[in-house]
Amino acid sequence: MESEYVELLPRVFSLLGDARQTVVDDTCLEKLLDCFRAITENETEFYILQRIPCLTNVIVNVSKQRDINPSILSFIMRLTGLFAASENYFIQLEDNGIMSSLFGNPTNLGTEAWEEATVRSGWLLGIQNMLQHEAVIRFLYKYGCIDEIIQLQKDPSIFVASTASQLLASILSFSLQCSTHATLGNSSKTQLTNKVTVLHSDDWSDCICAITGHIEDFLRSDITSNVQLALKLLSKVSGTMYPVAIILLWPKIEESIKLLLKGDLTGIGQPLAELFLNVSRSFPSEVLEPTFWELLCLLLRSMNQIEALTLASGILKLKTCPQSLRMQAVTTLFQPLNYIIAVTSVQAPEDAVLLDESSFCRVDIENRLSRKSACINLLCQILSYLWELLQMPPQTTELPFQALMRSVITILQLCIGTAIPVTSTVVNISRHLIGCIKVQRGGMDVLGALPQWAGIEEVNSALALLHDYINNPDTDCTVLKKSLQALFCWMSHCIEGVNSHVLEPKLQEFLHGDFISVMKKRLFDVHWEIRDSMLEFLGQMCFQFKGVERFCQLIGSCGIPHLVLELVSDPESYVRASAITALGRMNYLSPNWQMLPNENSVTAVKGNILSYLLGVLNKDTEGFPRRAAIKVLADWLENSHMLSSCELENFVPVILKIGSNDLDWEVKVHTLGLAEAFIDHLASNLSISPYAVLMSNSTGSTQVKVFLQTLCEVGIFTTLFHALWDCDRPVAQKACEILIKLKTIASGADKVDVLKSNGQKPNRESFSDWLSYSNLNLQNVNDIMEILIVLDLEIQHQHLVRSSDHIESSFRSLLEDLLAAADSEDGGADCY
């Protein structure tokens, strides 16, 4: 801890311990507590208290006061808990009676103080902070604190109740961990069983017995809220630092859990599911008894549809569990989808394993699907779970992808009205789903995650469905965007997948149909969001498939590049930005179009693109198009083959001048990115590495000077030094990083004596005057090398990467604010 902080702390704690002083707000106290928490992580509690004896004094004084502000009392309790995590300090405070005064019987604090929720919370959190040694457990049982914590689980303050439950879980798991019998060893099943047997003898501590007795009583209670509290407490035990505790407790609570599963699960189904899943996540399946999985299987069968879906999704995310349970979870998750497939199919699909009549069927599926809100919520939940599962690595039990694809496509067809209802049930479901944006978005997410498991039939069905959605004028803007994202995934699979030689012809057939006409129509849709989405999709395609000759020819000869060029003048800035990005990515296709005779090809447009981009960068009044323009140019420079040497020579100085003077900080940062790309391009041509110091020989020195002189002529250094002092920190930081890289390169040239500057170091305000006074020219290589040496770029970079509020949010600043607040009329501290 810094000595300057130590000097301020006595005054601050004198203020906090004085009941006559106006209390500062809770935010200041929370920040002060955070500071001490950070300090105790780096220094021992005892060392801190030896250096700052006033901390012990204020704890002693507050423990004796009865008129202290509740917020201050809560703060002192939590702070005491932090320091009492040291067993030596805990014993010292206990011998002095301080622990019993603050944390013993709450009546010692006074009824009026205890009625404040912030005091009860501080009491609980203080105990939580000190729970690092067994002396705390003995103290809590000695003073009857366990019973008080149990009662606080039902506190009217939700925060206090939740904190009490978490504290009970921590005490129980810590007590079991401290037991000499609670070590899990190598986590083998045999060892664990033996440990449990020993632990359930009379060797259990009084503290463990008190809490487990409370849990058993609540599990057998006829009051639902009591059962919920017990189940939530057990779930929290499995999430503590010592999760082995829940396994050690399981034999003691297993009979109670069985009784719950045989009864009504209303109100307790979800906390039961959370308990089982938390335990399953904490341990490998072989550690858990077979009866555990049998109970989980029974729970899954007994829950209502919505709660069962959540549990089934959680089971499928487990890394290990019995195969039979995983299959039951799959069946549970797919039952509503199976029902939809069954009622919409003329004949049962041959490959629908999940439609097996022997599997149990939810009696409430038809009822839920018959009501609009329930139908929509059910399908949205299922689609959300499926999408999450599809993002995970393949599990031991694969999902039935063909049945899944069929059901998702059917649901999306019902939403858009292309499915033909064959029964009254389907008519009702279709009425609920037609035009339902929520279901369409969820369905498109799932459909976009399925291509890798698709064959020819599925590709045809998916492309046809996506065509219908993109072509439909009633498709919502957000749904159309997701449809395009899904289409891109299917296109990538057809072109780059394992079976691309079979699937690519199907994609070509799709693209050469009327899809290009649909794209052209949508590019000029009345909704700007749709125009924007189409341009993003087009740019994404052009970049991804730039090496596919047939695709290049198709896009280049269909007239789309000219349409995109028109959209550079769109009235909506987002659309203009996307059009610019799409044009930039189309340019990657141009080498494949050089021999195309069609005048509509992008080769006829390419000569104007640079002019268009410079015009946007110089004249567009909105930031988004200018950012897009400079990003395209920087991207071209990174891919050096995109611009000829002539174009580099003519346009880079112009771009740097325009971009560096832009009012938008992101444009300036991207301009610096372009400058860095030019530097790397030039260094590569001269065989100079920007990341390694060159040997100081005559050849290397000459090369470096030629390199630096070229940068001077292009205006790189003028741009970088202008940006180095920019008021926007990201701009200055980027410029500093590039200059440090150039300084490394410059060290490969002959050493330069610092002559002109006389060792003076400029700042933002004085840099221009310093250059003039020192007669330094940014077009002269030797002067540039001297400037790079004089400026402490590394030190400057350290300052730039620090948070902009590093001074205002420092510990010292907080202490000064607390002291200043005591002297102000309103008592408010500038702690925000």
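Which residues line the largest cavity? Val62, Ser63, Gln65, Arg66, Asp67, Ile68, Leu73, Ser101, Leu102, Leu109 and Ala113 do. This is a predicted model, where local features need pLDDT of at least 70, side-chain atom pairs count only at pLDDT 80 or more, and totals for chains, interfaces and linings use all residues. Residues are numbered from 1 along each chain as its sequence is written, and side-chain values use heavy atoms, with hydrogens and water left out.

**Overall picture**

- The protein has 43 helices and zero strands; these are DSSP runs numbered from the N terminus, with helices being H or I of at least four residues and strands E of at least two.
- Of the 832 residues, 54% are buried (buried is under 20% relative accessible area, exposed over 50%, partly exposed in between, with a 1.4 Å probe and protein chains only).
- Take the contacts with a separation of 6 or more: 74% of them come from residues 24 or more positions apart (contact means heavy atoms within 4.5 Å).

**Cavities**

- Rolling a probe the size of a water molecule over the atoms shows where empty space is left.
- Two cavities of 30 Å³ or more turn up in the structure. The search runs on a 1 Å grid over the protein atoms alone: a cavity is a set of points where a 1.4 Å probe fits but cannot get out, a pocket is an open set with protein on both sides within 12 Å along at least five of seven lines, and lining residues have an atom within 4 Å of a point. Points are joined across faces, edges and corners, and a volume is the space filled by probe spheres set on them.
- The largest cavity comes to about 60 Å³, and α4 (54–64) and α7 (98–103) each put at least two residues into its lining.
- By class, that lining splits into six nonpolar, three polar and two charged residues (nonpolar is Ala, Val, Leu, Ile, Met, Phe, Trp, Tyr, Cys and Pro; charged is Asp, Glu, Lys and Arg; the others, Gly among them, are polar).
- The second largest cavity holds about 30 Å³, and its lining is Ser660, Lys668, Leu672, Thr719, His722, Ala723, Asp726 and Val731.
- α36 and α38 (716–724) are the elements giving two or more residues to the lining of this second cavity, with α38 giving the most, at three.

**Largest pocket**

- The largest pocket has a volume of about 630 Å³.
- It is lined by 27 residues, and Glu536, Ser578, Thr581, Arg585 and Lys631 are the closest to its centre.
- Two or more lining residues come from each of α27, α29, α32, α34 (623–638) and α36 (665–685); α29 gives the most, with eight.
- Sorted by class, the pocket lining has eleven nonpolar, eight polar and eight charged residues.

**Salt bridges**

- There are 20 salt bridges in the structure (a side-chain nitrogen of Lys or Arg within 4 Å of a carboxyl oxygen of Asp or Glu).
- Arg78 and Glu30 pair up at 2.6 Å, N to O, tying helix α5 (residues 70–83) to helix α2 (residues 26–42) across 48 residues of sequence. Arg78 counts as buried because its relative accessible area is 13%, while Glu30 is partly exposed at 34%.
- Lys482 meets Asp445 at 3.0 Å, N to O; Lys482 sits in helix α27 (residues 477–496) and Asp445 in helix α25 (residues 437–448), 37 residues apart.
- Arg531 bridges to Asp570, with the closest N and O atoms 3.0 Å apart. Arg531 belongs to helix α29 (residues 528–544), Asp570 to the loop between α31 (560–567) and α32 (573–586). Both partners are buried: Arg531 at 10% and Asp570 at 8%.

**Two residues up close**

- Lys154 is in the loop between α11 (145–152) and α12 (158–178), and is partly exposed at 48% relative accessibility.
- Beyond its neighbours within four places in sequence, Lys154 contacts Phe218, Asn226 and Leu229.
- The Lys154 and Asn226 side chains make a polar contact of 2.5 Å (a pair of N or O atoms within 3.5 Å; within protein, one must be able to donate a hydrogen and the other to accept it, and residues adjacent in sequence count only if both atoms are side-chain atoms).
- Ser280, in helix α17 (residues 269–282), is buried at 4%, and its side chain reaches the backbone oxygen of Phe276 at 2.7 Å.
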